[in-house]
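Hi everyone, thanks for coming. Let's take a few minutes to walk through one structure together, so please have a look at the screen.

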Amino acid sequence: MSGASLWMEEAEGALPLWKPIEGPRRERTVIVGAGLAGLGLAQSLRARGEDPIVVDAVGPGHGASGRNAGFVLRTHVSAYPALRAAIGADRAATLLDLAHDTHARIARYGLTSEHRASGSLMLAAAGDAADARVLREARQLLQQDGVRADITDVPPGLAGFDFAVVLADDGEVHPGRLVASLASGVRGGVLDVRSVDWIGRRVVGDAGIIEADRIVLATNARLGELAPALLSTVT
């Protein structure tokens with residue numbers, strides 16, 4: 001698998017091999033992008049009795065979803081005080097709850113995705129008063145918002161840090177095997193999507209066109225390319 005990440009190479013045997021989509025066809029729901037978001041949505045729809053099709057230029061997990069470090073976090077600790085101040089305590093708590101539910105969903109894949117509830121550490125740089133202040137504030141706010149966050153000594157062997165904030169409920173996962181688990185049972189095909197006709201409800205690819213009642217973009221960095229008007233309303 002040329003140019004693939006280590007995670008994708010290790011999961012190669014478990015990943016489904018999708019065939020190219022050619023010619024016009026009709027679908028109820030098309031999901032563009034076979035990463036964690038697209039495949040996760042497809043599994044949720046399947047649980048409701050629907051049968052969406054997921055299309056991707058290469059196949060499951062060949063973008064960012066198969067190339068990340070596999071951290072399963074409730075939040076980014078050092079960024080939490082600023083986030084909470086910007087969106088408010090209620091919305092920040094909603095994001096924490098969403099992350100908690102995501103943890104539970106990933107844990108269901110257990111052995112197949114090599115999920116481990118290992119916890120996480122955010123370290124305060126030695127002598128950096130600003131860094132220490134932010135982490136102490138983050139720990140206090142996270143505790144207020146129902147997250148298990150504690151201050152602990154720096155583990156042996158790590159130098160240059162004063163203390164650590166540990167989130168006991170965080171974990172890790174094998175990204176490639178998680179993608180493979182999410183792709184299991186999902187109907188998918190290879191299609192390099194060039195444009196989306198929102199008025200005509202058509203996904204136009206390099207070798208085929210799909211007409212659909214619903215089109216969902218789960219393309220991460222390509223969102224601006226396929227839906228520039230949508231992205232401009234968000235920014």
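Let me start with helix 6 and what sits over it. The buried residues of helix 6 are covered by, among others, helix 3 (80-87), helix 4 (89-108), strand 4 (120-125), strand 5 (149-152) and strand 6 (161-167). Keep in mind that this is a predicted model.

Which residues of helix 6 are buried? They include Ala132, Leu135, Ala138, Leu141 and Leu142. In an α-helix there are 3.6 residues a turn, so residues three or four places apart point the same way.

Helix 6 itself runs over residues 129-144, 16 residues in total. From first C-alpha to last, helix 6 reaches 23 Å, close to the 22 Å expected. Now for the two ends. After helix 6 comes glycine 146, and its phi is positive, near 90°.

Next, a stop at serine 113, which belongs to helix 5 (residues 110-113). Is serine 113 buried or exposed? Buried, with a relative accessible area of 0%. Beyond its neighbours within four places in sequence, serine 113 touches Ile106, Val173, His174, Arg177, Leu178 and Ser181.

Finally, let's zoom out. The chain has nine helices and eleven strands, and 38% of its 235 residues count as buried. Among contacts with a separation of 6 or more, 68% join residues 24 or more positions apart.

Thanks, and I'm happy to chat.

Key: Residues are numbered from 1 along each chain as its sequence is written. This is a predicted model: local features need pLDDT of at least 70, side-chain atom pairs count only at pLDDT 80 or more; totals for chains, interfaces and linings use all residues. Side-chain values use heavy atoms; hydrogens and water are left out. Helices (H or I, at least four residues) and strands (E, at least two) are DSSP runs, numbered from the N terminus. Buried means under 20% relative accessible area, exposed over 50%, partly exposed in between (1.4 Å probe, protein chains only). Contact means heavy atoms within 4.5 Å. The expected span of a helix is 1.5 Å times one less than its number of residues.
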